[in-house]
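Subject: Structure handover

Hello,

Here is the structure I promised to pass on. Please open it first, then read my notes below.

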Amino acid sequence: MKESIKYFTTLDNVLKEQLKNPQIKEAYDYEDSFSRTAIEIVRLREKNKLSQKDLAELMHTTQQAIS
């Protein structure tokens, strides 16, 4: 059983290895910035007790665009 454990890797280790490739790192960072921005918008919207519809109205867009 102990022998099989040494071949086990975590997702974090795989990601660390993949991010050594500059093209993968650039794409990862690009997508990560969108994710972090979306999370921050949700956090601020909830903090200000705004629904998606409320925020959409303030931004002169649709609720679907906000979601």
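I began with R45, an arginine in helix α3, which spans residues 22–47. Please keep in mind that this is a predicted model.

**R45**

What is the nearest side chain of opposite charge to R45, and how far away is it? It is E46, at 4.3 Å. A salt bridge needs a side-chain nitrogen of Lys or Arg within 4 Å of a carboxyl oxygen of Asp or Glu. R45 has no salt bridge, and yet it is buried. Its contacts, leaving aside neighbours within four places in sequence, are L50, S51, Q52 and L55.

Buried residues are 4% of the 67 residues in the protein. R45 is one of the buried residues.

**Salt bridges**

Side chains of opposite charge can pair when their charged atoms come close. How many salt bridges does the structure hold? There are four. Here are some of them.

- E17 and K20 join through their side chains, with 3.2 Å from N to O. E17 is partly exposed, at 47% relative accessibility. K20 is exposed, with a relative accessible area of 61%.
- K25 and D29 form a salt bridge of 2.8 Å, N to O. Both sit in helix α3, four residues apart, so about one helical turn separates them. K25 counts as partly exposed, at 37% relative accessible area. D29 is partly exposed too, at 34%.
- E40 and R43 pair at 2.7 Å, N to O. They also lie in helix α3, three residues apart, or about one turn of the helix. E40 is partly exposed, with a relative accessible area of 34%. For R43 the value is 43%, again partly exposed.

The charge count goes with this. The protein has 11 positive and 11 negative side chains. The centres of the two sets are 6 Å apart.

**Overall form**

Which elements make up the protein? It has five helices and zero strands. Along the sequence the pattern reads α-α-α-α-α. Helix α3, with residues 22–47, is the one that holds R45.

Along the principal axes, the C-alpha atoms fill a box of roughly 60 × 30 × 20 Å.

The accessible surface comes to about 6400 Å². Carbon and sulfur atoms account for 58% of that surface.

**I41**

One more residue to look at in helix α3 is I41. Is I41 buried or partly exposed? It counts as partly exposed, because its relative accessibility is 42%. Residues under 20% count as buried, and those over 50% as exposed. I41 and Q64 are 23 residues apart along the chain. Their C-alpha atoms are separated by 15 Å.

**Where to look first**

Start at R45, buried and without a salt bridge. Then follow helix α3 to the pair E40 and R43 and to the pair K25 and D29.

Best wishes

Methods. Residues are numbered from 1 along each chain as its sequence is written. This is a predicted model: local features need pLDDT of at least 70, side-chain atom pairs count only at pLDDT 80 or more; totals for chains, interfaces and linings use all residues. Side-chain values use heavy atoms; hydrogens and water are left out. Helices (H or I, at least four residues) and strands (E, at least two) are DSSP runs, numbered from the N terminus. Buried means under 20% relative accessible area, exposed over 50%, partly exposed in between (1.4 Å probe, protein chains only). Lys and Arg count as positive and Asp and Glu as negative; His and the chain ends are not counted. Contact means heavy atoms within 4.5 Å. Accessible areas come from the Shrake-Rupley method with a 1.4 Å probe; for residues, only the protein chains shown count as cover. The place of a charge is taken as NZ of Lys, CZ of Arg, CG of Asp or CD of Glu.
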